[in-house]
Amino acid sequence: MRVFDANITQLVSTFLNESLRGITSIKKANQKMYDVFGITHFFDNVDNLQTLKETISENKNILEEPNRAEYGDFQTNEDLANKVTLHLVSKNVLPKIIIEPTCGKGNFIIASLKNFKSISTIFGVEIYKPYVWETKFNIVNFYLENPKSNKPEISILHCNVFDFDFKKIAKQFSTDEILIIGNPPWVTNSMLGSLNSTNLPRKNNFKNHSGLDAMTGKGNFDIAEFITMSLIETFQNNNGNLLLLVKNSVIKNIIFEQNKRIFKIATVEKHCIDCKKEFNVSVEAALFYCKLNSASEFNCKEFNFYDNQNYYQNFGWLENKFVSNIDTYSNTKEIDGESPFVWRQGLKHDCSPVMELDKVNGHYVNGLKEEIKLENDLVYGILKSSDLKNTVINQTRKFTIVTQKKVGQDTKYIKSEFPKTYEYLIDHLSSFDARKSSIYINKPSFSIFGIGDYSFKPYKVAISGLYKTFHFTLVLPQDEKPVMLDDTCYLLGFDKIEFAVYSLILLNSNLAMQFLKSITFSDAKRTFTKDVLMRINLLELGKKIDFEELNYELNKLNEKYNLSLSLNLWEEFLTKMKPINNGQLEMFA
């Protein structure tokens with residue numbers, strides 16, 4: 001049976017039907033529910049009371065349960081909630097106050113009632129009204145089946161989590177042992193925005209990103225991350241613990257921010273769960289646990305929730321560096337610094353059907369299957385992440401039109417200098433105008449991003465940002481023109497092939513690979529980013545590599561790819577990498 005779009009068991013329906021039959025006053029009805037079950041303000045108004053009585057007396061079935069997965073709503077099943085609370089019991093967690101910020105159907109509350117004997121007060125907050133009712137019904141059902149269980153005062157509140165005043169609870173129970181537990185929505189602010197949801201924090205850019213970073217994605221964040229950090233900030237001076245089920249990326253971001261926020265949390269742990277098994281979704285998620293009101297700690301130990309004997313990895317801050325594996329990082333930390341060359345992201349145009357071309361029988365064909373005629377001047381070979389498989393590449397399967405030499409350049413020159421290309425672009429102007437990113441607003445027609453002097457360097461060393469392959473590729477010119485890379489790739493550009501090859505050997509060395517593995521996260525959307533790559537100090541790498549090993553690797557490249565390079569420029573390469581007034585070498589990258 002369903003009441004208020006919420007599931008209700010026959011046991012609860014029968015009890016309410018019998019207990020409320022003669023009651024018409026909301027005050028008396030609420031007092032009855034408080035006396036028997038400890039639930040405050042069970043009914044909001046007389047209409048709720050009357051509707052419930054009519055529905056259960058007529059034994060109605062109304063509406064199927066909606067699928068709220070698009071809102072990041074993955075309800076914790078009863079078995080998992082029970083195992084989580086028992087895990088806390090094993091850690092001697094004995095809360096008096098339970099707070100569930102997004103309580104859903106109440107399975108964590110039921111598990112807490114079942115396994116914690118010390119609870120005096122429970123607060124559950126939920127924005128979706130049918131879940132508020134279902135939580136109340138589930139609590140009633142629990143006590144009807146377990147009449148001798150402890151009955152704390154329970155408040156299940158219909159409210160947006162971002163508007164609820166948690167500070168009031170923190171102040172009211174400043175000396176009590178608190179447990180914050182739950183499963184916040186697994187969704188980003190931009191996704192909820194696209195669904196026209198009102199369940200959003202007032203300030204979207206809560207990490208204070210500015211300019212292009214905020215416009216191109218860094219301003220987007222996980223709702224659970226905002227909720228978790230807000231709760232830690234509010235309750236960090238209260239005695240107690242926090243355990244929330246969130247995506248792995250949320251936990252990583254919280255530990256990363258800890259170096260700035262310095263929250264009073266310790267014993268920080270990540271307990272990985274099998275989301276396919278528990279929720280039937282392909283998401284990397286875990287239980288984030290920490291002890292509140294403690295001397296600040298800056299690292300997090302990772303466990304397998306189903307086998308919690310020993311942690312298998314420890315990530316976080318070490319000597320003011322953020323690393324994914326503290327235990328292995330110490331062997332490679334000497335090369336953690338700042339790259340002498342500036343890593344760049346590849347070309348961004350957001351108009352693939354028009355801008356990216358194949359070459360068929362000597363003719364260009366676009367993504368719309370149109371055969372087109374263009375001047376060759378603005379057409380360059382382009383590589384994507386999936387193309388960066390070989391160690392050396394000198395041919396591309398795709399081509400792209402490059403309309404600018406630098407960001408913001410006026411594109412009017414195309415009309416007079418390359419009329420065929422201009423006519424083609426004008427014919428598809430609507431496709432450019434349809435690009436959604438705000439970075440193109442008030443920019444010249446056919447604008448692109450991720451373009452600069454570095455794009456036109458003849459020799460490049462590149463890596464995919466999307467793939468988890470710790471392998472760098474040397475990109476050589478094609479038809480005497482530099483090859484472009486798309487915005488899923490990162491690159492260094494060089495004028496001298498020797499410098500590019502020396503960098504390639506260093507970056508593909510075992511020491512560099514071990515270092516990258518100790519600072520990257522396997523579940524990250526992009527394993528490699530500019531921030532990660534800029535930490536590789538090539539100069540230190542160059543000082544540490546054995547000269548015989550360097551010569552051996554160079555000879556292998558010469559033989560396999562028909563190169564004829566020597567180490568004659570090695571000392572010049574090292575000298576060029578030495579900082580001049582602490583500046584980076586823009587001339588090479």
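How many residues apart in helix H11 are Arg261 and Glu257, and about how many helical turns separate them? Arg261 and Glu257 are four residues apart in helix H11, and they are therefore separated by about one helical turn. The model examined here is predicted, and for this reason local features need pLDDT of at least 70 and side-chain atom pairs count only at pLDDT 80 or more, whereas totals for chains, interfaces and linings use all residues. Residues are numbered from 1 along each chain as its sequence is written, and side-chain values use heavy atoms, with hydrogens and water left out.

Side chains of opposite charge can pair when their charged atoms come close. A salt bridge is counted where a side-chain nitrogen of Lys or Arg is within 4 Å of a carboxyl oxygen of Asp or Glu, and by this rule the count comes to 22 salt bridges. The side chains of Arg261 and Glu257 meet in one of these, with an N to O distance of 3.8 Å, and those of Lys260 and Glu257 meet in another, at 3.7 Å from N to O. Lys260 and Glu257 are three residues apart in helix H11 (residues 248-261), and this places about one helical turn between them; helices (H or I, at least four residues) and strands (E, at least two) are DSSP runs, numbered from the N terminus. Glu257 counts as buried at 6% relative accessibility, Arg261 as partly exposed at 30%, and Lys260 as exposed, with a relative accessible area of 59%.

A further salt bridge joins Asp336 and Arg535, whose closest N and O atoms are 2.7 Å apart. Asp336 lies in the loop between helix H13 (326-329) and strand E14 (344-345), and Arg535 in the loop between helix H20 (530-533) and helix H21 (538-544), so the pair ties together parts that are 199 residues apart in sequence. Asp336 is buried, with a relative accessible area of 9%, and Arg535 is likewise buried, at 15%.

The rings were examined next. Rings of Phe, Tyr and Trp (its six-membered ring) pair if their centres lie within 6.5 Å, and the planes count as stacked when under 30 degrees apart, as edge-to-face when over 60, and as tilted for the rest. The structure holds 37 aromatic pairs. Among them, Phe42 and Phe43 form an edge-to-face pair, with 5.0 Å from centre to centre and 65° between the planes, and both residues are buried. Tyr502 and Phe573 also form an edge-to-face pair, at 5.5 Å centre to centre and with 65° between the planes. Because Tyr502 lies in helix H18 (residues 497-507) and Phe573 in helix H23 (residues 570-577), this pair ties together parts that are 71 residues apart in sequence. Tyr502 is buried, with a relative accessible area of 0%, and Phe573 is buried with a relative accessible area of 0% as well. Ring pairs link Tyr502 and Phe573 into a cluster with Phe341, Phe494, Phe499 and Trp570.

A nonpolar core is a set of buried Ala, Val, Leu, Ile, Met, Phe, Trp, Tyr and Cys residues joined through side-chain atoms within 4.5 Å. The largest such core has 56 residues, of which Leu16, Phe43, Leu52, Leu113, Phe137, Ile139 and Phe279 touch the most other members. Helix H6 (residues 129-145) gives the most to this core, with seven residues. Leaving aside neighbours within four places in sequence, Leu52 is in contact (heavy atoms within 4.5 Å) with Val3, Phe4, Leu16, Leu20, Phe43, Trp133 and Phe137. A second, separate core of 49 residues includes Ile335, Tyr490, Ile505 and Phe515.

Asp387 is found in the loop between strand E18 (379-383) and strand E19 (392-393), and is buried, with a relative accessible area of 16%. When residues up to four places away in sequence are not counted, Asp387 touches Ile382, Ile393 and Arg397.

Methods
Buried < 20%, exposed > 50% of the residue type's maximum accessible area, 1.4 Å probe, protein only.
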